[in-house]
Amino acid sequence: MNDVILILQMKQGDEQAFDKFVRKYYGDILSYCKYYCLDQTEAEDLTQETFLRFMNNIQSYQHIGKAKNYLYVIAGNLCKNHVKKWKADCVEKEVLERKLISDGGIPKQEKQIYVKQALEQMNPELKEIIIMFYFQDFKLKEIADILQIGLPLVKYRHKRAKEELKRLLGEEDSHEPGKDDGNI
């Protein structure tokens, strides 16, 4: 069903429309939140909070672009706040003990853990680009729209983010994470 119709129905108090809306986007938002926190329960809580905030502000919501983009903005803000709180509570950060090597026989799940740990060490602006591009399959233009920044800045951050991720993972080659090999 079209988001415009769902949103109009939600503004009128239609709970079934809200259920349809949540089912439509829940998986995407949950997946996005998982890359910000390593804990499944925390990711689920952040996802639920995203939809609660959307619903609490539904009456003032103006459907200009995609509702999904607005959900990503809410989720991104919640995740960033969660990371800040987590970092404030955590005095020591676990350092990567081993480097990810391209064909070292490391199982896929272990590679994913290394990538998530590397993401935790990245600047939030760069981390967000990596998550949205490689794990959410957004185009650079879509990322620019969601973050409300220019496309040249998104391209610059994308380049810097790839370099930073490679540095954190100890990769020497120019292999891009996630896009080509499906290892992430």
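**Helices, Rings and Loops in a Predicted Model**

Q: How far does helix α3 reach from its first C-alpha to its last?
A: Helix α3 covers residues 40-56 and has 17 residues. At 1.5 Å a residue, a reach of 24 Å is expected. The reach in the model is close to that value, at 24 Å.

Q: How many helices and how many strands does the protein chain have?
A: From the N terminus on, the elements of the chain run α-α-α-α-α-α-α-α. The chain accordingly has eight helices and zero strands.

Q: Where in the protein chain is the confidence of the elements lowest, and where is it highest?
A: The mean pLDDT of the protein chain is 78, and 76% of its residues reach 70 or more. The lowest confidence is in α5, at a mean of 73, and the highest, at 92, is in helix α2.

Q: How far apart are the end C-alpha atoms of helix α8?
A: Helix α8 covers residues 151-169, which is 19 residues. At 1.5 Å a residue, these should span 27 Å. The end C-alpha atoms agree with this, being apart by 27 Å.

Q: What arc around the axis do the buried residues of α8 cover?
A: The buried residues of α8 are Val154, Arg157, His158, Ala161, Lys162, Leu165, Lys166, Leu168 and Leu169. They lie on the same side of α8, because the arc they cover around the axis is only 165°.

Q: Which exposed residues are carried by the face of α8 turned away from its buried side?
A: The buried side of α8 includes Val154 and Leu165. The face turned away from that side carries Pro152, Lys159 and Arg167.

Q: Which residue follows α8, and what is its phi?
A: The residue that follows α8 is glycine 170. Its phi is positive, near 75°.

Q: How many residues apart in sequence are the parts that tyrosine 72 and phenylalanine 138 tie together?
A: The rings of tyrosine 72 and phenylalanine 138 are 4.8 Å apart centre to centre, with 85° between the planes, and form an edge-to-face pair. Both tyrosine 72 and phenylalanine 138 are buried. Tyrosine 72 lies in helix α4 and phenylalanine 138 in the loop between α6 and α7, so the pair joins parts whose separation in sequence is 66 residues.

Q: Which residues form one aromatic cluster?
A: The count of aromatic pairs comes to eleven. One aromatic cluster is formed by Phe21, Tyr25, Tyr26, Phe51, Phe54, Tyr61 and Tyr70.

Q: Which side chain makes a polar contact with the side chain of glutamate 120?
A: Glutamate 120 lies in helix α5. With a relative accessibility of 8%, glutamate 120 counts as buried. At 3.2 Å, its side chain makes a polar contact with the side chain of lysine 127.

Q: Is aspartate 137 buried or exposed?
A: Aspartate 137 is in the loop between α6 and α7. Its phi is positive, about 60°, although it is not a glycine. The relative accessible area of aspartate 137 is 52%, so it is exposed.

Q: Is glutamine 148 buried or exposed?
A: Glutamine 148 is found in the loop between α7 and α8. Its phi is near 55°, a positive value in a residue other than glycine. The relative accessibility of glutamine 148 is 71%, so it counts as exposed.

Q: What distance separates the C-alpha atoms of serine 60 and lysine 11?
A: Serine 60 lies in the loop between α3 and α4, and at 54% relative accessibility it counts as exposed. A polar atom of its side chain lies 3.1 Å from the backbone oxygen of asparagine 57. Serine 60 and lysine 11 are 49 residues apart along the chain, and their C-alpha atoms are separated by 9.2 Å.

Note on methods: Residues numbered from 1 in each chain as written. Predicted model: local features only at pLDDT ≥ 70, side-chain atom pairs only at ≥ 80, totals over all residues. Heavy atoms only, no water. Helix = DSSP H or I, 4+ residues; strand = E, 2+ residues; numbered from the N terminus. Expected span 1.5 Å × (residues − 1). Buried < 20%, exposed > 50% of the residue type's maximum accessible area, 1.4 Å probe, protein only. Arc of directions from axis to C-beta. Phe/Tyr/Trp six-rings, centres within 6.5 Å; stacked < 30°, edge-to-face > 60°. Polar contact = N/O pair within 3.5 Å; in protein donor to acceptor, adjacent residues only side chain to side chain. pLDDT = per-residue confidence, 0-100.
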